[in-house]
Amino acid sequence: MVFLVRFVKFSDSDIKELSAIIKEKDHVDVEQHVEMSGIWLRSVNNMTELRLLTLADIQVIVSRVCFTHRRVGCMTAIFEWLKEFSHRNGIHRILIQSVETKEMANWCLKNGFHPDANASMQIDDFIVGNYLLDNF
């Protein structure tokens, strides 16, 4: 049995849309750094950053996320955009990588993600590590 995967890349319009979401919700302009398998959007002072990667058409990885203004819906707006991007590109998994705060762990759980049994562990009163959302 042969499995074929497609390389998925963020387009210029994808990058503009994500930058606009960050500007609207976090009130910060971001610089756009295109990588081979993803993008890294960062403010000049690096207080705001979003790094997204794709693993072919298998999953989208949120590798870095930090916003200057929290609890204003920026991550939720990014998440809605990621679901749409994933549907459009036949991707069935979103991975939030290396969750290190209780706040982000709670956000993941609230939005249907579950800890990756192979890449997470209990620390104090929450689970750190990777969180997965499949078939959304």
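The model is predicted: local features need pLDDT of at least 70, side-chain atom pairs count only at pLDDT 80 or more, and totals for chains, interfaces and linings use all residues. Residues are numbered from 1 along each chain as its sequence is written, and side-chain values use heavy atoms, without hydrogens and water.

Start at strand S5, residues 93-99. Helices (H or I, at least four residues) and strands (E, at least two) are DSSP runs, numbered from the N terminus. Strand S4, residues 59-66, pairs with S5 in the parallel sense over 3 bridges; pairing takes at least two bridges found by DSSP. Here Ile 61 faces Leu 95 of S5. S5 also runs antiparallel to strand S7, residues 126-134, with 5 bridges between them. Leu 132 in S7 is the bridge partner of Leu 95.

With S4 and S5, H2 makes a right-handed β-α-β unit (with the strands pointing away from the viewer, the path from the first strand over the helix to the second runs clockwise).

Next comes the largest pocket. S4, H2, S5 and helix H3 (102-110) each give its lining at least two residues. Among the lining residues, Val 65, Arg 70, Thr 101, Glu 103 and Met 104 lie nearest the centre of the largest pocket.

Finally, look at strand S3, residues 49-55, which holds Glu 49. Glu 49 is buried, because its relative accessible area is 8% and buried means under 20% (1.4 Å probe, protein chains only).

Notes:
1 Å grid on protein atoms, 1.4 Å probe; cavity = no way out; pocket = protein on both sides within 12 Å on 5 of 7 lines; lining within 4 Å. Buried < 20%, exposed > 50% of the residue type's maximum accessible area, 1.4 Å probe, protein only.
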